[in-house]
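Subject: Handover of a structure, with findings

Dear colleague,

Please find below the structure that I am passing on to you. My notes on what was found in it follow directly after.

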Amino acid sequence: MNHTDEDAELFDSFILIPYVIKNFERDMKIIENSPFKLKHPYTYLIDEAILLARADLRDVKKKMHTKGLKMWHEPRNSDDMFTEFVYKCRGYEGRMRYMNANIKKRVGEIMLSYLSQAKSNKIYDGKLKV
């Protein structure tokens, strides 16, 4: 292993946060097109969670750039059960395989965390976005 635990955390965040953002954006479209009578409470909370996730992703990318870390998806070595990523770390190249079921579980946990942060960090200002 040629990467530290901190590097591994950055790699995990670099992989998982975009999934989180994608899921929130998809859910936002579903809510906007749904027959809910009051959509704003849901869309407001999700929108705030997306902003938090995007800010975290920016920080992760900055830290990775500073440390000279790179990572990308390796589609030809992925299948229905696993997704593989390749990373470069201090001159070494390595591979990380993630079980898709674990990605889904962790993305759900991270989404809950962002929703919780969004709820506790933001007090609704009373201004309805139309």
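This is a predicted model: local features need pLDDT of at least 70, side-chain atom pairs count only at pLDDT 80 or more; totals for chains, interfaces and linings use all residues.

Overall layout

The protein chain contains three helices and three strands, and along the sequence they follow the pattern α-α-β-β-β-α. Taken along the principal axes, the C-alpha atoms fill a box of roughly 55 × 35 × 20 Å. The chain has 130 residues, of which 35% count as buried. Among contacts between residues at least 6 apart in sequence, 58% join residues at least 24 apart.

The sheet

The three strands form an open sheet in the order β1-β2-β3, with antiparallel pairing. β1 (70-73) and β3 stand at the edges; each has a single partner strand, so one side of each is left without a neighbour in the sheet. From one strand to the next, the twist averages 25°. Four bridges join β1 and β2 in the antiparallel sense, and Met71 has Tyr87 in β2 as its bridge partner.

Two helices meet this sheet. α1 lies across β1, β2 and β3, and runs at about 135° to β2. α3 also packs on the sheet, where it touches β2 and β3, and its direction makes about 80° with that of β3.

The pair α2 and α3

The axes of α2 and α3 come within 8 Å and cross at roughly 110°. The two helices are therefore roughly perpendicular to each other. On the α2 side, the contact is made by Leu45, Ile46, Glu48, Ala49, Leu52, Ala53 and Asp56. On the α3 side, the residues are Tyr114, Leu115, Gln117, Ala118, Lys119 and Asn121.

The nonpolar core

The largest nonpolar core has 29 residues, and those that touch the most other members are Phe11, Ile17, Val20, Phe24, Met64, Met71 and Tyr114. Two or more residues each come from α1 (5-32), α2 (40-67), β2 (82-89), β3 (92-99) and α3 (100-121). Which element gives the most to this core? It is α1, with ten residues.

Met64 has its place in helix α2. Leaving aside neighbours within four places in sequence, Met64 is in contact with Leu10, Phe11, Phe14, Leu69, Lys70 and Met71. Ile31 lies 33 residues from Met64 along the chain, and the C-alpha atoms of the two are separated by 34 Å.

With which residues is Met71 in contact, leaving aside its neighbours within four places in sequence? They are Phe11, Phe14, Ile15, Met64, Phe85, Val86, Tyr87 and Met96.

With kind regards

Terms used:
Residues are numbered from 1 along each chain as its sequence is written. Side-chain values use heavy atoms; hydrogens and water are left out. A nonpolar core is a set of buried Ala, Val, Leu, Ile, Met, Phe, Trp, Tyr and Cys residues joined through side-chain atoms within 4.5 Å. Buried means under 20% relative accessible area, exposed over 50%, partly exposed in between (1.4 Å probe, protein chains only). Contact means heavy atoms within 4.5 Å. Axes are lines fitted to C-alpha atoms, for helices over the stretch in contact, and angles run from 0 to 180 degrees between N-to-C directions. Angles under 35 degrees count as roughly parallel, over 145 as roughly antiparallel, 65 to 115 as roughly perpendicular and the rest as oblique. Two strands pair if DSSP finds at least two bridges between them.
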